[in-house]
Every structure is written in C-alpha cells, then in structure tokens.
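Reader: Please present the structure, and then let us discuss its packing, its sheet and its aromatic pairs in turn.

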Amino acid sequence: MKKIELLAPAGDLEKLKIAVDYGADAVYFGGELFSLRAGAGNLSLEDMKEGISYAHSKGVKCHLTLNIFPHNDDIEPLREYIKELSAVKPDAFIVSDPAVIMMLKQEMPECEIHLSTQANMTNYLTGEFWRRQGVSRIVLARELTLDEISCIRESLADDVEIECFAHGAMCISYSGRCLLSNFMTGRDANRGACAHPCRYKYRLEEEKRPGEYWPIEEDSRGTYIMNSKDLCMLEHIDDLHKAGVSSLKIEGRMKSIFYVAHVIKAYRQAIDSYYDNPEGWKPDPELMSEMCKASHREFTTGFYYSSPGSEGQNYLTSSYTRDYSFTGLVKSYDPETGFAVVEQRNKMNRGDTVEVFGPEGTWFTQVIDEMYNEEGEMIDSAPHPQQILRIKMIQPVAESWMMRKENR
C-alpha cells in the first residue's frame, strides 16, 4: 500500500529545512519571481540550490511554484527566469498557465509538471486534457467532494497523480482566482500580491447617508462576510487515501516555522499511524491538541463531504486562536553539560515554565532555571529578538527543537 505524500510549505530557506526536519516527504516553495506568494520570504537561486541539496540529502522532494498568470509584459522576463532555473533542478514545477507549461517544455523538455489548483481542475475529462499536455500531477480544485475525487481518480490514467489541499487557510474565491484584492488595493492576487480583503471587516453604507455604517447582520460588531474557517483533514486521512489522493498539501508559505513544525509533525504522525493499521485506524485526539498549539482559525472540512455553506465561514472575527507563543529555537545541544544554544523568538524569563518539543512528537515541560547570554552572564530576561542564549535543559534535545510558552 503506497503512502500518501505529505507536502509541506516552505516560504523561505529556514522553513524549508524545518519542514524537512519535522517529517515532510516533499516541500514546495516559490522563487523571488513569478510565484503566487509575493509576501513570503521566498528563495533566491542560491537558497534554492542549498534547500534542494538539504532536502535531497534527507530523501525529500522539492516542488517549485511558477503558478502566476502572466500578462504580456511578464512573458520575456519569465522566459529568462526559466532559463536560470534550469540550473537549480527542482523535482517538479507547479504551474497554472498553458504559456508557462509551453516555455518549461521548450527550455527543460524532461521537467516534471504539476498543475496548480489555480487551474480549476474539476473533472476527469479536463484531467485527460492536461495529461496530454505532459502534466504528471494535478492539484485538484478545493471545491470538490471526496466522491468527485474518487471518480476523477478512477477515470484518469494511472501515471497521473492527484494532489489535494488537506490543511490551512481557505480562499473565498473559486480556487483562489480572486479579483477583489486588485479592485480594492491594486494588488493582483493572481500575480502573487493578494492583500487578503476577504479577512476585512465589512459594514454597509447607504449612499444618501454618508458616514452612517450598518452591520450586514444584526450585530453591533459588524461581520466578516467572506472570512473562511481553516481547512483541517487531520482526522480523515483514511478517507483521503480511499479516494485515491497521492499527495496531501499543507497551505502556509507565509506561516511561521512554529506553525510549520506543529502541523507537519501532526500530519506525519497521523499518516504513519494510519498505514501502520489501516483497518483499525482511529484519529488520535492528542495530535489535534498538539497541532492546535500553533495559531489557527476555527476548522472546517471544506467541500470534502458536502458544500460547507455557512458552517465554513466565521462571521464574527478573522483573528487567530493563539494559545501558545514560540519562545525559542534550539540551534545546538551539548550532552555533556546539558546546555542548549537557543535563538530567542519571543520574550522569556528565568522562572518561566516552557514546553520543549522536537520532530518525533515527543515533548517535555520544564522551568527555565539557568539562562545565559553570549557573554556568559546569567540573565533573568531575554527580551531581544533572536538573542542567542544558553539554557540548561532537563532532557536531551537537538537542533531544530523548539520551545513554547502557554499564553495566560
């Protein structure tokens, strides 16, 4: 039984390495040009080479996004950029636009092409069309049910894989093809610069009563009419496998390494436990609890089981739930002394109770008793961003472990 691939977001080189360390089978990332996440850190050509080398050393594949919808003045710069990317050698390109596929085939005839969800692939006949264009994997539109996915899988040739989003922010527009950002702010979502106006708070203003604002619902706070809940399929790995999904995609190239670590770790454990015992598998509530220690909105299963309707929306707020703060990233550990070198990510104090966790799912709680700065001085507080510290650990840790503190 072939395992579903766990595909993780990598908004920059650090996130790529964390995703690899915490259990991803593959990562996807954008370059500095022609990616649909202009606000993410993204990777330079040198970053890509380093990241791909690091991932490949751990047996992890790398997918590069070129899923912009190019305008006329993008074509020649894009062609030149593709020539530069030929030296990087990612495992696959994620593409939306036929022109980009054509240019990739001209410059890199043997490259593997994955069709982005932006292409709105919703039926098996369109899937066959894209197969004939050389596409080897299709990232299905997020608006499909599991029954529809099963039908597409049964009708497609075996050499075409199906990838589906399993977790993360949901776009209110059809497969993410939105004009609202461009209309309101001049930032084109389909060229990587979305301002996320779907998360704004809206009220009505009647044209003859300027300055008088009315809530769209009968609520004095107004309403977030386009604010979707976050997708979460952690407890439905079995159904995704049975539908014939080859790869589970986690959204979040603009998320923090803290978020990436929690989500990838949880899905890694859920996937592994399912394949260890597919007949008797049941969701582990502890995994959901652990994953929720990273920031998140309320969860929905999206369109997988039926149209979500109002249950998929959060009309009250666009805020995240943040029960824990990311306080530190372990850079190294000395087993002889029990001290870890930690890069501060949020303020922590001597006497704080923290949880320390790593990629394997293990974690422990300890009080920070001994904390030193780079000069070797004992300090009571670490308020400076990315301050380098030495902290005594009560159990062994390793590079890329993290520290978190409950928000009270």
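**Cores, helices, sheet and rings**

Author: Leaving aside neighbours within four places in sequence, isoleucine 149 is in contact with Leu140, Leu144, Ile162, Cys164, Ala243, Val245 and Tyr304. The model under discussion is a predicted one.

Reader: How many residues has the largest nonpolar core?

Author: Isoleucine 149 is among the residues with the most contacts inside this core, together with Val27, Phe29, Leu66, Leu104, Tyr267 and Met402. The largest share, 13 residues, comes from helix H9 (residues 257–276). A second, separate core of 17 residues includes Val342, Val356, Met371 and Val397. The largest nonpolar core itself has 90 residues.

Reader: Within what arc do the buried residues of helix H6 fall, seen down its axis?

Author: Helix H6 (residues 146–155) has Leu146, Ile149, Ser150, Ile152 and Arg153 as its buried residues. These line one face of H6, because seen down the axis they fall within an arc of 165 degrees.

Reader: Which exposed residues does H6 carry on the face turned away from its buried side?

Author: The buried residues of H6 pack against helix H5 (124–132), strand S7 (161–168) and helix H8 (237–242). Exposed here means over 50% relative accessible area. On the face turned away from the buried side, the exposed residues are Asp147 and Glu154.

Reader: What arc do the buried residues of helix H3 cover around the axis?

Author: In helix H3 (residues 75–85), the buried residues are Leu78, Tyr81, Ile82 and Leu85. Their position on the same side of H3 follows from the arc they cover around the axis, only 105 degrees.

Reader: Which strands stand at the edges of the open sheet of seven strands?

Author: The order in this sheet is S17-S16-S21-S13-S14-S20-S18, with antiparallel pairing. An edge strand has a single partner strand, so one side of it is left without a neighbour in the sheet. The strands at the edges are S17 and S18 (371–372).

Reader: Which residue in S17 is the bridge partner of phenylalanine 357?

Author: Strand S16 (residues 353–357) and S17 run antiparallel and are joined by five bridges. They form a hairpin with five residues between them, and glycine 361 in the turn has a positive phi of about 95 degrees. Strand S17 (residues 363–367) has a covered face, Phe364 and Gln366, and an uncovered one, Trp363, Thr365 and Val367. The bridge partner of phenylalanine 357 is tryptophan 363.

Reader: Which residue in S21 does glutamate 355 stand opposite?

Author: Strand S21 (residues 402–406) runs antiparallel to S16, and three bridges join them. Opposite glutamate 355 stands arginine 404.

Reader: What distance separates the C-alpha atoms of leucine 329 and methionine 403?

Author: Leucine 329 lies in strand S13 (residues 324–334). Leucine 329 counts as buried because its relative accessibility is 4%, and the residues it touches include Ile18, Ile257, Val341, Trp401 and Met402. Methionine 403 is 74 residues away along the chain, yet the C-alpha separation is 6.4 Å.

Reader: Is the pair of phenylalanine 258 and phenylalanine 326 stacked or edge-to-face?

Author: The pair links helix H9 to strand S13, with the two residues 68 places apart in the chain. Phenylalanine 258 is buried at a relative accessible area of 5%, and phenylalanine 326 at 9%. The ring centres are 5.0 Å apart and the planes lie at 10 degrees, so the pair is stacked.

Reader: At what angle are the ring planes of tyrosine 274 and tryptophan 281?

Author: Tyrosine 274 is buried, with a relative accessible area of 2%, and tryptophan 281 counts as buried at 11%. Their ring centres are 5.7 Å apart. The pair is edge-to-face because the planes are at 90 degrees.

Reader: With which residue does the side chain of arginine 297 make a polar contact?

Author: Arginine 297 lies in the loop between helix H10 (285–291) and strand S12 (299–300). Buried means under 20% relative accessible area, and arginine 297 is buried at 7%. At 3.2 Å, the partner of its side chain is the side chain of aspartate 230.

Definitions and conventions. Residues numbered from 1 in each chain as written. Predicted model: local features only at pLDDT ≥ 70, side-chain atom pairs only at ≥ 80, totals over all residues. Heavy atoms only, no water. Helix = DSSP H or I, 4+ residues; strand = E, 2+ residues; numbered from the N terminus. Buried < 20%, exposed > 50% of the residue type's maximum accessible area, 1.4 Å probe, protein only. Polar contact = N/O pair within 3.5 Å; in protein donor to acceptor, adjacent residues only side chain to side chain. Pairing = 2+ DSSP bridges. Contact = heavy atoms within 4.5 Å. Core = buried A, V, L, I, M, F, W, Y, C linked by side-chain atoms within 4.5 Å. Arc of directions from axis to C-beta. Phe/Tyr/Trp six-rings, centres within 6.5 Å; stacked < 30°, edge-to-face > 60°.
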